[in-house]
Amino acid sequence: MTVATNSPASAGAGVTAGPNARAGTGERSDPHSPAGTSIGTGPDATTGAGPLTDPDATMDPRTATGAGAGVLERRYRRLLLGYPRGYRSGYGGELIATLLDTAEPGRTLPSARESFALIVGGLRTRVAYATERPAWVDGVHLGVLALSVAQLAMLAPYATTVPLWVGLSALAVVLIMRGWVRTALPVTVLVAVKVCSITLGRTWLDVTLLPVYPDPIWGGGALYGGGGPVAPMIGYTLIVLGLLALAAREPRLIGARSWLWWAAVPALAGADPAGLDFTGGPDLLTTARVTVEIGILALAIWAGHMARDPRWAVAAVIYLIPICAVYAENLGAHSSQDVAHLALLVFLTAFAAAVPYRARRHVLL
């Protein structure tokens, strides 16, 4: 069930009148402000009409917190970057004004409690804003993006050997990330055809053949040297099918994704997206990949629980399918650590799929 929100207020980010508001001050309380702080409106506020006319207008910070107010305000604004841009435009000025007004004179660092509240509040608000788009569209888009990032990370260590295909794979990630799925479709098809030709030992599109060795700084084995062609084919097939399904929808229903997805590329680079090799003990690349996967799946579980929405579980299932394919293709060739890694991903994905429906039932009871 998609939880639609029509405004920042309906997303849990609005400003509502509180029973403890001081008479004659126009003060309102914001459920997302840290530690239950209240937000006051000054004489320049639009009476009864929501946020201040100038979102960034605040009282003179030095009158509230002393000489360190400018530094403190900048640090509060950095913490507010966790909130969606629309929320910051409408309510950021009021929230910062309240935080500065309640801060001790001379303080230059936000308290741990305020920092935690702002980070969690930003994540909650982003989850609420995300549910404005159709659940299956958003879930497929997220899953396709995650697979595309993993495939790019797989190709990145071979950039000097197959620069054209690494570049096209990076371009596909950018197009998918920005929501331009119709433009991304032909680029992805080209990369998919070339990857499949390499795994099959064919010379389609150019003369590249296995083995393709990584750049010296990476080390490791040949490209797709740890398994057969089935898993890469399934991965790219899912990406292409997902893009086709998204391309049939109205483009406005497909939102742009955060540029922070690029941070996952170096963390996953050099680690086969279809499986890990723990035989020599977990190295830095293996540890980075497992950490990223567990972190993203944990966020999917938390977001599904908060929004009671399955879109993050849809994305997790799409990412998991090629991983399961390589384990099936190379059955018996994996170590016990590899199997434990797969079991952990399956468990977290199943948990992410169950949490939204468990949360709904809890609400009904």
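This is a predicted model: local features need pLDDT of at least 70, side-chain atom pairs count only at pLDDT 80 or more; totals for chains, interfaces and linings use all residues.

Student: Is α11 roughly parallel or antiparallel to α12?
Tutor: Helix α11 covers residues 284-307 and helix α12 covers residues 311-329, and their axes lie 9 Å apart at an angle of about 150 degrees. Angles over 145 degrees count as roughly antiparallel. The orientation of α11 relative to α12 is therefore roughly antiparallel.

Student: How do the residues of the contact of α11 with α12 divide into nonpolar, polar and charged?
Tutor: On the α11 side the contact uses Arg 289, Glu 293, Leu 297, Ala 300, Ala 303, Gly 304 and Ala 307, which meet Trp 312, Ala 316, Tyr 319 and Ile 323 in α12. Gly is counted among the polar residues. The division is eight nonpolar, one polar and two charged.

Student: Is the crossing of α6 and α12 left-handed or right-handed?
Tutor: The axes of α6 and α12 are 7 Å apart, and the two helices pack at an angle of about 35 degrees. Whereas α11 passes α12 in a left-handed crossing, the crossing of α6 and α12 is right-handed.

Student: How many nonpolar residues are there in the contact of α6 with α12?
Tutor: From α6 the contact draws on residues including Ala 135, Asp 138, Val 140, Leu 142 and Leu 147, while α12 contributes, among others, Arg 311, Trp 312, Ile 318 and Pro 322. Two residues of this contact are polar and two are charged, and the number of nonpolar ones is 13.

Student: Is Leu 145 buried or exposed, and what is its relative accessible area?
Tutor: Leu 145 lies in helix α6. Beyond its neighbours within four places in sequence, Leu 145 is in contact with Val 173, Ile 176, Met 177, Arg 257 and Trp 261. Buried means under 20% relative accessible area, and Leu 145 is buried because its value is 0%.

Student: Which residue is 94 residues from Leu 145 in sequence and 8.1 Å from it in space, C-alpha to C-alpha?
Tutor: The search can be directed to α9, residues 230-247, whose 18 residues reach 25 Å from first C-alpha to last, close to the 26 Å expected. Its buried residues include Gly 235, Tyr 236, Ile 239 and Leu 243, and what covers the buried residues of α9 includes α6, α7, α8 and α12. The residue at that separation from Leu 145 is Ile 239.

Student: What span does helix α5 reach from its first C-alpha to its last?
Tutor: Helix α5 takes in residues 112-130, and its buried residues include Glu 114, Ser 115, Leu 118 and Tyr 129. With 19 residues at 1.5 Å a residue, the expected value is 27 Å, and the span that α5 reaches is close to this, at 27 Å.

Definitions and conventions
Residues are numbered from 1 along each chain as its sequence is written. Side-chain values use heavy atoms; hydrogens and water are left out. Axes are lines fitted to C-alpha atoms, for helices over the stretch in contact, and angles run from 0 to 180 degrees between N-to-C directions. Helices (H or I, at least four residues) and strands (E, at least two) are DSSP runs, numbered from the N terminus. Angles under 35 degrees count as roughly parallel, over 145 as roughly antiparallel, 65 to 115 as roughly perpendicular and the rest as oblique. A crossing is left-handed if the near helix is turned anticlockwise from the far one by less than a right angle, and right-handed if clockwise. Contact means heavy atoms within 4.5 Å. The expected span of a helix is 1.5 Å times one less than its number of residues. Buried means under 20% relative accessible area, exposed over 50%, partly exposed in between (1.4 Å probe, protein chains only).
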